[in-house]
Amino acid sequence: MDHFRALVADHMGEEAPKLAIKNLTTADLPEGEVTVRVAYSSVNYKDGMVGIWGRMIQSYPHIPGIDLSGFVTESTDPRYKPGDEVIVTSYGLGVTHHGGYSELARVPASWVVPLPPGLTLREAMILGTAGFTAGLSVQRLEDNGLTPDKGPVVVAGASGGVGSVAVNILAKRGYEVTASTGRLSEENYLKALGAARVIHRDELTETERKPIRRPLWAAAVDPVGGKTLSYLLSTLQYGGSVATSGLTGGVEVETSVYPFILRGVNWLGIDSVECPMELRSRVWERLATDLKPTMLSNTIVNEIQLEQLPEELALILQGQVRGRTIVKLG
Ligand SMILES: NC(=O)c1ccc[n+]([C@@H]2O[C@H](COP(=O)([O-])OP(=O)(O)OC[C@H]3O[C@@H](n4cnc5c(N)ncnc54)[C@H](OP(=O)(O)O)[C@@H]3O)[C@@H](O)[C@H]2O)c1
């Protein structure tokens with residue numbers, strides 16, 4: 001495949017980049033040991049930040065897409081050979097390095113994860129960075145002592161990508177899950193994923209600063225941040241943990257030492273980008289086995305083509321996307 005199509009962001013002198021599908025050649029690919037014929041990519045909030053707002057892009061033209069799965073076509077690294085099925089997410093993919101919104105990609109071998117047995121290339125992208133982050137959140141919460149008998153677990157931003165996968169993984173593992181959403185119209189969807197209770201996000205949003213409140217949750221998965229996180233920290237049970245991964249509700253968090261020194265709560269930072277490869281591989285393997293969501297089906301996924309990406313990237317920034325969106329390339 002010498003010629004291939006990709007979604008390219010170009011900077012035309014205005015603030016936001018211009019997105020267009022272009023025909024490229026292998027000479028347009030960046031450096032890297034492994035070339036991949038991309039089967040699927042996906043849409044994450046960060047893809048919207050890069051593709052629509054131009055955040056984090058260091059040079060133009062740029063191919064966005066922080067996730068890809070596909071088949072190796074060439075490799076100068078002996079660990080990979082043509083035909084191998086692989087996942088590539090994180091590091092600089094789609095941010096400082098050309099990404100997955102492309103029929104062909106070239107990446108450093110150190111970014112590549114072999115597709116674990118038990119997952120298809122399509123399922124790997126239904127998960128994508130959002131699903132990986134949900135899996136990493138559950139792994140970290142359980143490493144910090146969470147078990148289903150400890151009490152209810154709340155998931156904020158539940159109808160989004162990280163949230164939807166987290167609800168489904170936790171429910172499958174026997175947790176009593178409360179899903180918090182700004183879209184109560186998604187109640188049936190969230191219950192189908194396994195939520196025992198669905199609440200409006202206003203119930204989790206701090207309107208009045210209080211250092212500590214009635215303890216409600218054994219743990220929380222929080223891709224929202226801001227006033228939601230302030231509230232969650234003040235309502236964790238003794239020894240409870242919150243796994244913080246995102247910022248859709250804001251970046252500033254007001255808290256005090258009280259939840260930490262009176263209730264021994266744990267504030268766990270979740271980073272998918274630089275997550276060490278040993279832990280990354282382990283989480284992907286678990287996402288193919290004991291953490292594999294039960295709903296990697298039509299319930300959670302919307303499949304689109306390259307042409308539909310600009311519209312979909314704009315929608316995710318407006319909090320209008322439900323579950324996971326994958327892009328079929330191969
Ligand atoms: N740390 C990491 O490595 C990592 C990895 C992946 C993602 N993230 C971050 O995690 C967040 C979620 O990513 P995603 O791909 O799952 O995005 P997403 O699919 O858009 O989900 C985000 C959800 O947040 C909720 N939300 C949106 N605007 C909000 C607001 N103003 N206030 C409160 N809630 C709001 C919405 O859920 P409801 O409609 O249900 O309320 C939305 O669906 C993003 O901030 C992303 O950058 C971080």
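User: Let's start with Asp10. Where is it found, and is it buried or exposed?

Analyst: Asp10 is found in strand E1, which covers residues 3-10, and with a relative accessible area of 16% it is buried, because anything under 20% counts as buried here.

User: Which side chain does the Asp10 side chain make a polar contact with?

Analyst: The partner is the side chain of Lys22, and the polar contact between the two side chains is 2.7 Å.

User: And what is Asp10 in contact with, leaving aside its neighbours within four places in sequence?

Analyst: With those neighbours left aside, Asp10 is in contact with Pro17, Lys18 and Lys22, and also with Tyr60 and Pro61.

User: About Tyr60 and Pro61, is the peptide bond from one to the other cis or trans?

Analyst: The bond leading from Tyr60 to Pro61 is cis in this predicted model, with omega near -5 degrees.

User: Where does Pro61 lie?

Analyst: Pro61 lies in the loop that runs between helix H1 (45-51) and strand E4 (67-75).

User: Changing topic, what is the phi of Ser90, and what about Tyr91?

Analyst: Ser90 has a positive phi of about 75 degrees although it is not a glycine, and Tyr91, likewise not a glycine, has a positive phi of about 50 degrees.

User: Which loop is that, and are they buried or exposed?

Analyst: Ser90 sits in the loop between strand E5 (85-89) and strand E6 (104-107), and Tyr91 is also found in the loop between E5 and E6. Ser90 counts as buried at 6% relative accessibility, and Tyr91 is buried with a relative accessible area of 16%.

User: Now the helices: how do H2 and H7 cross?

Analyst: The axes of helix H2 (residues 121-143) and helix H7 (residues 277-287) come within 9 Å and cross at roughly 105 degrees. Angles of 65 to 115 degrees count as roughly perpendicular, so that word describes how H2 and H7 are placed relative to each other.

User: Which residues make the contact?

Analyst: On the H2 side they are Ala124, Leu127, Gly128, Gly131, Phe132, Gly135, Leu136, Gln139 and Glu142, while H7 contributes Leu279, Arg280, Arg282, Val283, Trp284, Arg286 and Leu287.

User: How many of those are nonpolar, polar and charged?

Analyst: The residues of the contact of H2 with H7 divide into eight nonpolar, four polar and four charged, where Gly is counted among the polar ones.

Terms used:
Residues are numbered from 1 along each chain as its sequence is written. This is a predicted model: local features need pLDDT of at least 70, side-chain atom pairs count only at pLDDT 80 or more; totals for chains, interfaces and linings use all residues. Side-chain values use heavy atoms; hydrogens and water are left out. Axes are lines fitted to C-alpha atoms, for helices over the stretch in contact, and angles run from 0 to 180 degrees between N-to-C directions. Helices (H or I, at least four residues) and strands (E, at least two) are DSSP runs, numbered from the N terminus. Angles under 35 degrees count as roughly parallel, over 145 as roughly antiparallel, 65 to 115 as roughly perpendicular and the rest as oblique. Contact means heavy atoms within 4.5 Å. Buried means under 20% relative accessible area, exposed over 50%, partly exposed in between (1.4 Å probe, protein chains only). A polar contact is a pair of N or O atoms within 3.5 Å; within protein, one must be able to donate a hydrogen and the other to accept it, and residues adjacent in sequence count only if both atoms are side-chain atoms.
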